[in-house]
Amino acid sequence: INAEYMGHFLSVYFFSPRVTMAKLPEVRWAERAEHLFLTIALQDVAEPNIVLEAEGKVKFSGKSGADLYELDLELNGEIDSEESTKNVSARSIELKKKKKKKKKKLCVD
């Protein structure tokens with residue numbers, strides 16, 4: 001093997017960017033007349049990024065261990081993002097979203 005080939009091989013093998021795919025976290029939900037409850041079951045989430053959009057979108061990304069997790073959930077209705085709450089604990093992330101229209105089902109089976 002010549003040195004030029006070996007140098008090219010090493011630079012491609014060791015310095016090429018690696019593409020990683022995010023995993024989908026386990027999500028549990030429940031609905032009541034005025035609220036939607038979502039639980040993202042991940043332990044010890046580092047750098048959680050949670051976005052609740054008024055149009056009815058929920059976006060989440062964060063690391064648990066060495067893995068990256070992402071969630072992009074579109075709901076079947078609008079939420080009041082100002083009156084919604086989020087709680088990040090060592091075992092999970094809990095989101096309580098207030099519905100703009102009572103009794104409208106937001107999650108679709």
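**Tyr69**

Tyr69 lies in strand β5 of this predicted model. With a relative accessible area of 14%, Tyr69 counts as buried, because the cut-off for that class is under 20%.

Apart from neighbours within four places in sequence, Tyr69 is in contact with Ala22, Lys23, Leu24 and Pro25, with Leu42, and with Phe60, Ser61, Gly62 and Ser64. Pro48 is 21 residues from Tyr69 in sequence, and the C-alpha atoms of the two are 9.5 Å apart.

**Nonpolar core**

The largest nonpolar core has 15 residues. Within this core, Ile40, Phe60, Ile93 and Leu95 touch the most other members. Two or more residues each come from β2 (35–41), β3 (45–53), β4 (57–64), β5 (67–74) and β7 (93–99). In soluble globular proteins, nonpolar side chains tend to be buried together.

For Ile93, the contacts beyond four places in sequence are Leu38, Thr39, Ile40, Val45, Pro48, Ile50, Phe60, Asn87 and Val88.

**Open sheet**

An open sheet is formed by 4 strands, ordered β1-β2-β7-β6, with antiparallel pairing. The edge positions belong to β1 (26–31) and β6 (79–88); each has a single partner strand, so one side of each lacks a neighbour in the sheet. On average, and ignoring direction, neighbouring strands of the sheet are turned by 15 degrees against each other.

The antiparallel pairing of β6 with β7 runs over 6 bridges.

How values were computed. Residues numbered from 1 in each chain as written. Predicted model: local features only at pLDDT ≥ 70, side-chain atom pairs only at ≥ 80, totals over all residues. Heavy atoms only, no water. Core = buried A, V, L, I, M, F, W, Y, C linked by side-chain atoms within 4.5 Å. Buried < 20%, exposed > 50% of the residue type's maximum accessible area, 1.4 Å probe, protein only. Contact = heavy atoms within 4.5 Å. Pairing = 2+ DSSP bridges. Axes fitted to C-alpha atoms, helices over the stretch in contact; angles between N-to-C directions.
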